[in-house]
Protein chains: 2
Amino acid sequence: ELQAGVTCSCDYNTSADHRELAHSQQLLTGSIYSPGSPLFLPNGADMMNKLTACLRAHYPLFGFREVITPNIYKRSLWEKSGHWDNYANDMFEVRGRGATGVKENADIGEDEVFGLKPMNCPGHCLLFASQNHSYRDLPIRYADFSSLHRNEISGALTGLTRVRRFHQDDGHIFCRPDQIEAEIKKTMDFIDLVYGDIFGMREYRLVLSTRPAEKYIGSVEDWDRAERQLKSALDSSERDWTLNEGDGAFYGPKIDIILKDAHGKEHQTATVQLDFQLPQRFELKYDAPGKDGEDLSRETPVLIHRAVLGSLERFLALIIEHYNGRYPFWISPRPLKILSVSQKPEELQHIENVAAELAGVQAGKARKIPSRRPNIQVEIDTSARPLGKKIREAKNEGFNFIIVIGPQDAEKGGLVLRMLNQWDEARSLEILGLTLGPDGLAKDPK
Amino acid sequence: ELQAGVTCSCDYNTSADHRELAHSQQLLTGSIYSPGSPLFLPNGADMMNKLTACLRAHYPLFGFREVITPNIYKRSLWEKSGHWDNYANDMFEVRGRGATGVKENADIGEDEVFGLKPMNCPGHCLLFASQNHSYRDLPIRYADFSSLHRNEISGALTGLTRVRRFHQDDGHIFCRPDQIEAEIKKTMDFIDLVYGDIFGMREYRLVLSTRPAEKYIGSVEDWDRAERQLKSALDSSERDWTLNEGDGAFYGPKIDIILKDAHGKEHQTATVQLDFQLPQRFELKYDAPGKDGEDLSRETPVLIHRAVLGSLERFLALIIEHYNGRYPFWISPRPLKILSVSQKPEELQHIENVAAELAGVQAGKARKIPSRRPNIQVEIDTSARPLGKKIREAKNEGFNFIIVIGPQDAEKGGLVLRMLNQWDEARSLEILGLTLGPDGLAKDPK
Ligand SMILES: [Zn+2]
Ligand SMILES: [Zn+2]
């Protein structure tokens, strides 16, 4: 397997950091009107959307279903969840007509202020509570790509790594206590698949944090059973893992994933966090068969918070640096550029046809839904400048493929394809070949 | 062509409205903690995501590129855009550490409160302003599916049609004055393709609103030239259009699309709104060749706001009622259910294999990115209840396809497929056939 870390030959100390690359590749910009909220230009939005699409494509495999939940909730919700007491400084408050906050002891929903959500968990608890669940229906797994806001102090804001507005590949699993181990194993498999098979980042280690000595909720038996299941899942992962004894949150043990990037730098990315508390606070229940032949009983599920990539913004910063701005074809914001040789009308027409074919669109035609053709972002340079200059420019811009179309191509229908910056040449050619068809492809060996 | 309006035989007056269907089909729920912000359960999120994916798939055809922009901006931005003076009552204010609003005459970004965005236009103006543009680069077209908030009074909130939090298939085109007609034509083509070819809603009319008699900005010449181009685009659309003389906004003329649903009810959905004002307020410029051989000049672009579906939530309400809860395969939240006949292990294993095949996933395998296989949401009922009961239940739940797998299927690999509720049978079979392969499909004629 091709490992990005192995083939990377750049000198990290002299290579640009993600902020410079993000700027020079026109991925994003910032604004004094919204400090800490990146504005993604088309190239950056393209990469963010591809990260999202990649995770989304694997959700059926792991039983997750996406949900869409509100950005703002009344203060009462954040009191119920505990955020109002413990997290208020890092949250934004939302006011307006009907949410003035002036009325004391108001009913829920009356004049209360809203909080702008810093995380999705309370909303997912509301979703779980809105339906009846039998023990047979569990686990219920919700995924959510919603935007989140945390009020970092302005001095701490930097690039894509410390922001106020971000997105997570967030997920919550509501399961029975006896399902913890299987769910943790599945999550570890998901993490392995995404980091290893998709990004070629196979170097990471796992850290288990267990019950604190003093302050914790739930019974020692619940903790012990959960920790046994976590350890068993970690053992069967065949990865190095270490123990941070007593370092878990007061509401449950967790596993952190520490990733080593192409340059040997470590990043804390994915987290798997057990939670005995939130289901209690939201009085979540499922119907379970009664013990000893009794009637149905109402049991409290365990909640597992999990993110595979974590903050998509932070992960984007990581892969910008990991690939040093030279991305694999599938996630590249500049996969392909077509250059004209001359300005002849038939040549320009042929370029338009090829571009439409590559982009998977046909003028005036609806795409089949669901589509079986990936969209490929195609850029075109038909300016009257010398070809050599246009090629140099396209190379500098970091396009994965450059296609040159001349007058003879317009007649014969052939193309000259130049390969550039490819991490995974075979895979990219396959994708492009499927798109162009096997006969449309004439590869330039240089 | 199959027109949904023609084949619909339901009695609108006795059919449920979208709120009842949305509830009974488990599309969404509401919460007292966030009035006016629907919480989409997996089925509803699935439909919302498919609407988004459908629009997204056609963006390359019409030259739009997606961007991702902040949800909150400092008060100064909303003063610049004019929203603070004209729209403040309908906006939510966002406060927090570093955004207390107490400091008077503060610098931008210092202690100012934020506004939660009700629309994307100002953010897109910031994006445009962040780069240099030549007249050759125009039009620049940004698309954005961001969540938007408008503080509707609580008494006005209802279902998916009057909400506080919603999403638009929002787009902004920055173009030269001479490009207006071509852009309007393209937008009309886009609207026609989506409503007609994808949803089979071919009955809509167009309304042009022109310069108000008294209060307007810009020169009469600019207005006249723009209105001439709008009229010319309308004429070439070959659709009925009417004139609302003097009914345009003070900042530009607009075209409204009034859609007639399957039940003859009219809905205002898409809008195309010209704007001479916002580019001035944001001092947007592009480099244009100087007149009479002079040097480059700096010109102000025209802004076109456009939405094809408009509010995705409102459009979802519309199609729930339009299809009366019986959706075409591609957008159905319940496309397919597999039922077992017995509980034999080899039968259950075969069901799992078929389900994985249909869902386009393979255990432990990364999906190819970009994927050429659509995800199909597959549900399974392997309960020990009688088959007849399971079939009736699946029918009531509105599944498009029901697949029954018995012991003999596990041996031979065949399936019995029952078609249900199909608007477009040929198309659905094609999609399913591509997924299952031509030989895996044995259609039950009943
Ligand atoms: Zn969580
Ligand atoms: Zn707008």
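This is a predicted model: local features need pLDDT of at least 70, side-chain atom pairs count only at pLDDT 80 or more; totals for chains, interfaces and linings use all residues.
## Chain A as a whole

Stepping back, chain A contains 14 helices and 20 strands. It has 446 residues, and 55% of them count as buried. Its accessible surface is about 18700 Å², with 46% of that belonging to carbon and sulfur atoms.

How much of the contact in chain A, at a separation of 6 or more, comes from residues 24 or more positions apart? The share is 70%.

## The zinc site in chain A

Which protein atoms hold the zinc ion (ligand 1)? The donors are SG of Cys121(A), NE2 of His172(A) and ND1 of His305(A), at 2.1 to 2.4 Å from the ion. Along the sequence, these donor residues follow the spacing C-x50-H-x132-H. His172(A) is part of strand β9 (residues 165-175) and His305(A) part of strand β16 (residues 302-311), so this pair ties together parts of chain A that are 133 residues apart in sequence.

Are these two histidines buried or exposed? His172(A) has a relative accessibility of 1%, so it counts as buried. His305(A), at 14%, also counts as buried, because the cut-off for buried is under 20%.

## The zinc site in chain B

For the zinc ion (ligand 2), the coordinating atoms are SG of Cys121(B), NE2 of His172(B) and ND1 of His305(B), at 2.1 to 2.4 Å. The spacing of these donors along the chain is C-x50-H-x132-H. Two of them link distant parts of chain B: Cys121(B) lies in helix α6 (residues 121-129) and His305(B) in strand β16 (residues 302-311), 184 residues apart. Cys121(B) and His305(B) are both buried.

## Two helices that pack in chain B

Now find helix α7 (residues 180-198) and helix α8 (residues 220-235) of chain B, which pack at an angle of about 35 degrees with their axes 8 Å apart. The crossing of α7(B) and α8(B) is right-handed.

On the α7(B) side, the residues in contact are Ile180(B), Glu181(B), Ile184(B), Lys185(B) and Met188(B). They meet a group in α8(B) that includes Ala226(B), Gln229(B), Leu230(B) and Ala233(B). Sorted by class, the contact has seven nonpolar, two polar and two charged residues.

## A buried tyrosine

Back in chain A, Tyr59(A) is placed in the loop between α3 (42-58) and β3 (65-66). Although it is in a loop, Tyr59(A) counts as buried, at 3% relative accessibility. Leaving out residues up to four places away in sequence, it touches several others, among them Phe64(A), Phe145(A), Asp170(A), Phe190(A) and Arg306(A).

## Positive phi angles

Glu238(A) has a positive phi of about 60 degrees and lies in the loop between α8 (220-236) and β11 (241-244) of chain A. With a relative accessible area of 76%, Glu238(A) is exposed.

In chain B, phi of Gln26(B) is positive as well, near 55 degrees. Gln26(B) lies in the loop between α2 (18-24) and β1 (28-29), and at 37% relative accessibility it counts as partly exposed.

Definitions and conventions. Residues are numbered from 1 along each chain as its sequence is written. Chains are lettered from A and ligands numbered from 1 in the order in which they are written. Side-chain values use heavy atoms; hydrogens and water are left out. Donors are N, O and S atoms within 2.8 Å of the metal (3.2 Å for Na, K and Ca); water is not among the atoms, so sites may look incomplete. Helices (H or I, at least four residues) and strands (E, at least two) are DSSP runs, numbered from the N terminus. Buried means under 20% relative accessible area, exposed over 50%, partly exposed in between (1.4 Å probe, protein chains only). Axes are lines fitted to C-alpha atoms, for helices over the stretch in contact, and angles run from 0 to 180 degrees between N-to-C directions. A crossing is left-handed if the near helix is turned anticlockwise from the far one by less than a right angle, and right-handed if clockwise. Contact means heavy atoms within 4.5 Å. Ala, Val, Leu, Ile, Met, Phe, Trp, Tyr, Cys and Pro count as nonpolar, Asp, Glu, Lys and Arg as charged, and the others, Gly among them, as polar. Accessible areas come from the Shrake-Rupley method with a 1.4 Å probe; for residues, only the protein chains shown count as cover.
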